[in-house]
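Thanks for coming. I'll take a few minutes to walk through one model, starting with the sheet and ending with the confidence values.

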Amino acid sequence: NVEQRISPRMAGKSLMDVDWSKLPAPTDDSAMRHLQPGTQLSDVVLPSTIGGAVVLSELHGRTVIFAYPRTGQPDKPAIAADWDMIPGARGCTPHTCSFRDLHAELTAAGVDYVFGLSTQDTAYQREVVERLHLPFALLSDSRLELQRALHLPTMQVHGTTLLRRFAMVVDNGRVSKVFYPVFPPDRNATDVLEWVRANSPLRKAL
């Protein structure tokens with residue numbers, strides 16, 4: 001777990017209680033500028049927490065993908081003592097829960113699929129799905145295959161490669177919108193929802 005540094009007095013709800021004004025915001029390093037509207041996703045097979053695998057490029061309709069470095073678990077220490085001070089690192093649980101809380105609205109706005117994405121393995125992700133009662137699956141890029149194929153931005157923490165936080169709206173396997181950088185994390189789902197409401201999905205196959 002690298003979500004946060006936890007003292008003996010810190011428990012589960014601390015994963016959600018964040019003062020964003022005290023954390024460093026990530027800067028726009030243009031690391032996702034190459035993913036312009038119309039970019040075709042790669043045919044990478046990603047394990048899913050609901051079993052089987054997902055190939056994002058083969059999904060028809062509108063898909064929302066949000067990526068995060070790594071979710072934490074209550075009462076577990078962080079991988080790095082300075083995790084909170086790494087720009088864009090803290091906030092994976094609030095980020096994920098914001099998409100959970102707006103899932104029905106996203107569906108009503110025309111989103112066919114919502115997926116969370118991280119480099120954690122599927123077993124770890126399943127615990128997150130159960131604990132946070134997520135209505136969508138999490139996808140694992142633990143082998144960094146999607147990251148390499150799409151040149152997704154990463155951070156290195158104690159020798160571990162983690163995805164930087166972003167979100168993408170994909171229509172019929174092609175990029176329609178990229179949200180990057182993302183800060184604060186718990187605002188991202190609202191921003192995505194506002195965009196999908198204002199931009200009708202492309203229903204025909206491309």
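How many bridges join E3 to E8, and do they run parallel or antiparallel? There are 6 bridges between E3 and E8, and the two strands run antiparallel. Before going on, some housekeeping. This is a predicted model, in which local features need pLDDT of at least 70 and side-chain atom pairs count only at pLDDT 80 or more, while totals for chains, interfaces and linings use all residues. Residues are numbered from 1 along each chain as its sequence is written, and side-chain values use heavy atoms, with hydrogens and water left out. Helices (H or I, at least four residues) and strands (E, at least two) are DSSP runs, numbered from the N terminus. Two strands pair if DSSP finds at least two bridges between them.

Now the sheet. It is open, with 5 strands in the order E5-E4-E3-E8-E9 and mixed pairing. Strand E5 (137-140) and strand E9 (174-179) are the edges, each pairing on one side only. Neighbouring strands are turned by 25° against each other on average, direction ignored. Angles run from 0 to 180 degrees between N-to-C directions, and axes are lines fitted to C-alpha atoms, for helices over the stretch in contact.

Strand E3 (residues 62-67) runs parallel to strand E4 (residues 113-118), with 5 bridges joining them. Isoleucine 65 has phenylalanine 115 of E4 as its bridge partner. On the E8 side, alanine 67 stands opposite phenylalanine 166.

E8 and E9 run antiparallel and are joined by 5 bridges. They form a hairpin with 2 residues between them, and asparagine 172 in the turn has a positive phi of about 50°.

Why is E8 described as largely enclosed by the rest of the structure? Because 6 of the 6 residues of E8 are buried, where buried means under 20% relative accessible area, exposed over 50% and partly exposed in between (1.4 Å probe, protein chains only). Both faces are covered: Phe166, Met168 and Val170 lie on one side, and Ala167, Val169 and Asp171 on the other.

Next, the helices. Helix H1 (residues 92-101) lies across E3, E4 and strand E8 (166-171), at about 160° to E3. The axes of H1 and helix H5 (residues 188-198) come within 8 Å and cross at roughly 40°. His95, Ser98 and Phe99 of H1 make the contact with Asn188, Ala189 and Val192 of H5; contact means heavy atoms within 4.5 Å.

Phe99 and Val192 come up again in the largest nonpolar core, which has 27 residues; they are among those with the most contacts inside it, along with Leu106, Val114 and Val196. A nonpolar core is a set of buried Ala, Val, Leu, Ile, Met, Phe, Trp, Tyr and Cys residues joined through side-chain atoms within 4.5 Å. H5 gives the most to this core, with 5 residues. A second, separate core of 23 residues includes Val44, Leu163, Met168 and Tyr180.

Leucine 23 is buried, with a relative accessible area of 14%. Beyond four places in sequence, leucine 23 touches Val18, Asp84, Met85, Arg90 and Phe183.

Last, confidence. The mean pLDDT (the predictor's confidence in each residue, from 0 to 100) is 88, and 88% of residues reach 70 or more. Over residues 1-13 pLDDT stays under 50.
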